[in-house]
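Keep the model open while reading.

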Amino acid sequence: MSDPGQSQPQSDDQTHFGFKTVGKQQKATMVAEVFHSVAAKYDVMNDLMSMGIHRLWKRFTIDCSGVRPGQKVLDLAGGTGDLAAKFSRLVGKDGQVVLADINNAMLRVGRDKLRDKGILGNVDYVQANAECLPFPDNHFDLITIAFGLRNVTDKDAALASMLRVLKPGGRLLVLEFSKPEFDALSKVYDLYSFHLLPKMGKLVANDSESYQYLAESIRMHPDQETLKAMMENAGFEQVTYHNMTGGIVALHRGFKF
Amino acid sequence: MPAPQLLTGGIEMAINNLLSLDPDSPQRLLPLNGKRLQVKLHELPWPLTFAFSQRVDVLADEQQADCTIVLSIATLKKMQDISQLSYLIQQQELSLNGDMHTAQSFSNLVKDLNIDWEEQLSRYTGDVIAHQSFRTARQLHHRLTAKLQRLGDILKDVAMDEKQLAAHPLAVEDFSEQVNDLRSDVARFEARLLQLEQRPKQRKGK
């Protein structure tokens, strides 16, 4: 996946921010700015951009979670709490759901949304960096990260951190944009995400740059096989992935034994 | 597009919207809190799992549930009458594993759903229009039912009495009785004949 506008990191201290190359220290701040900017309109934009299909991708993730009453779930980069709301009901009063996000604005929107829905008691809110999770070893039965991994600066460190806090027998589900399976779809998707998406962002959220970053960050994210290899390198076992909507989105699943 | 999730999403939305229209449904959901009911329909390649809390979540997962029911869509309709459960199991139209109480509570939840549709409409149109609309609809329903009943009676009279295309129920009953009598006579005659046929053979044997 290459684009004439994109540049490559020249050293270990550099990383991608969309198609730009920035210092690793800078990226977290820049991503934070993007999400501060879009937090209030995040749900509306998600529905608009995906034509509501993101709800089906998330439902599929929940169906693959195998979550049981009494279990502990970490919804990482949980944003506005779509997955956490459902997990909260599925684990019941004896279970626990931790909604974690590095971005305070997103976490606040998620917390308000869940409380407005009457979801209280078994959900905790933690502002945390996925690269160094502030939880004990072998603590969670399930970790999900939906549309969050591509924004993490050091993905390998984040996967290692997730493995550490996951219980033996637990599973990690990574729902993320990926590489379309067909060339024709890829072209249509490029047209949509580079031309239409920023305009929609400008119109609805008055912010085209954040949605330009969104399109670019999707292209820079590892494809299905690369992410699978990264999860295996981190120590996850039985790693598989399932393409959805022609590979626009993929769900990766890995276990810790 | 994930088809199972589209279906489960639709079912979930429909159930929860209906439950929200009945003020007594939270009370009836209480005995099901924390339970899971899995329904495996012959017509669907994946199971439907109903997870109960303060609302109903519908999943398309294979996990073990408190109660699992295997049946077809046709049997689903018969299950509205909970007293038919044992009969359906005996007829092997339905297979039920696990806690039967979960299935019964879910059946009651759906069966006892009591929605005041007039009240629901009045939220959008006001009381007067909602009341008038429902009164007109009820009158229309009564009139249509009565007209259909009368039309049926007329057609019955024409077919049986005027055109004699169909037999009267009493004539059919009488004919059936005569056929039964004839069947009994033939059976008796057959038995007698068999007896007479065997008699010479017994004499020869002596």
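Contact here means heavy atoms within 4.5 Å. The model is predicted. By that contact rule, 16 residues of chain A touch 20 residues of chain B.

## The interface

About 1500 Å² is buried between chain A and chain B. Carbon and sulfur atoms give 51% of that area.

Chain A and chain B have 13 residue pairs in polar contact between them, both residues being at pLDDT 80 or more. On the side of chain A that touches chain B, the elements giving two or more residues are helix H3 (53–63) and helix H4 (82–91) of chain A. H3(A) supplies the largest share, seven residues. By type, this side of chain A divides into nine nonpolar, two polar and five charged residues.

## Salt bridges across the interface

Four salt bridges run between chain A and chain B. One pairs B:Glu12 with A:Lys86, at 2.7 Å from N to O.

## Salt bridges within the chains

Over all chains, the count is 16 salt bridges. In one of them, the closest N and O atoms of A:Arg150 and A:Glu176 are 2.7 Å apart. A:Arg150 sits in the loop between strand S6 (140–146) and helix H6 (155–165) of chain A, and A:Glu176 in strand S7 (residues 166–177) of chain A, so the pair ties together parts 26 residues apart in sequence. Buried means under 20% relative accessible area. A:Arg150 is buried because its relative accessibility is 5%. A:Glu176 is buried too, at 1%.

A:Asp190 and A:Arg219 also form a salt bridge, 2.7 Å from N to O. This pair links distant parts of the chain, 29 residues apart: A:Asp190 is in helix H7 (residues 183–205) of chain A and A:Arg219 in helix H8 (residues 208–220) of chain A. A:Asp190 is partly exposed at 30% relative accessible area, whereas A:Arg219 is buried at 10%. In chain B, the side chains of B:Asp22 and B:Arg28 meet in a salt bridge (3.0 Å, N to O). Both B:Asp22 and B:Arg28 are buried. Elsewhere, salt bridges with shared partners join A:Arg59, A:Lys86, A:Arg89, B:Glu12, B:Arg55 and B:Asp57 into one network.

Technical notes: Residues numbered from 1 in each chain as written. Chains lettered and ligands numbered in written order. Predicted model: local features only at pLDDT ≥ 70, side-chain atom pairs only at ≥ 80, totals over all residues. Heavy atoms only, no water. Buried area = accessible area lost by both parts, 1.4 Å probe. Polar contact = N/O pair within 3.5 Å; in protein donor to acceptor, adjacent residues only side chain to side chain. Helix = DSSP H or I, 4+ residues; strand = E, 2+ residues; numbered from the N terminus. Nonpolar A, V, L, I, M, F, W, Y, C, P; charged D, E, K, R; others polar. Buried < 20%, exposed > 50% of the residue type's maximum accessible area, 1.4 Å probe, protein only.
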